[in-house]
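I opened this model to look up a few local features and to note each with its cut-offs.

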Amino acid sequence: MRRRASQPARPGNHRRERLCEAFRLEINEIVRFELDDERVDPVVVHHVALNAAGTAARVYVSSDGGRETNLAVTVRALNAATDFIRQALGQHLGLHRVPTLHFVLDKTLLSASRIEAILDEERSRLDAADALPAADAPSP
């Protein structure tokens with residue numbers, strides 16, 4: 001009987017997690033040091049999601065924060081360089097079959113920074129509102 005993708009993996013079978021972590025680390029190194037493409041700005045691979053069959057992987061990337069970059073162009077360039085990255089990944093990890101890679105912009109950090117900015121504004125507004133009544137109150 002075949003296990004569906006939605007069913008959880010069996011306890012003790014951590015191969016997929018280990019592969020995803022190894023892919024994440026190696027793709028980071030390949031993009032930083034081996035990929036020679038002027039369209040690719042410095043990025044960080046945050047997560048790799050491998051499908052149930054192990055034939056395809058989504059690679060979630062975001063800016064490394066060093067400078068302002070055009071991430072859409074970088075993601076397109078990374079997707080164009082998947083053959084090179086797959087070949088290097090197979091050599092580094094000693095794999096005969098490397099899953100197809102699809103690079104995706106990881107928007108969670110952008111969303112988190114926006115939420116944090118909104119919360120900071122609200123905190124400062126509440127602090128200012130709390131300070132006004134205290135300043136207007138008569139001293140005994």
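I began at the hairpin of β1 and β2, where five residues lie between the strands and G54 takes a positive phi near 75°. Helices (H or I, at least four residues) and strands (E, at least two) are taken here as DSSP runs, numbered from the N terminus. This is a predicted model, in which local features need pLDDT of at least 70 and side-chain atom pairs count only at pLDDT 80 or more, while totals for chains, interfaces and linings use all residues. Residues are numbered from 1 along each chain as its sequence is written, and side-chain values use heavy atoms, with hydrogens and water left out.

I then followed the pairing (at least two bridges found by DSSP between two strands): β1 (residues 43-50) runs antiparallel to β2 and is joined to it by seven bridges, and V48 stands opposite V59 in β2.

Next I turned to R58, which lies in β2 (residues 56-63). I looked up its contacts (heavy atoms within 4.5 Å) and, leaving aside residues up to four places away in sequence, found that R58 touches H47, V48, A49, H102 and V104. The C-alpha atoms of R58 and P99 are separated by 9.6 Å, although the two are 41 residues apart along the chain.

Last I checked α3. The buried residues of this helix (buried means under 20% relative accessible area, with a 1.4 Å probe and protein chains only) are T82, I85, A88, L89 and G90, and they pack against α1 (15-34), α2 (71-80) and β3 (100-105). After α3 comes G94, whose phi is positive, near 70°.

How values were computed
Buried < 20%, exposed > 50% of the residue type's maximum accessible area, 1.4 Å probe, protein only.
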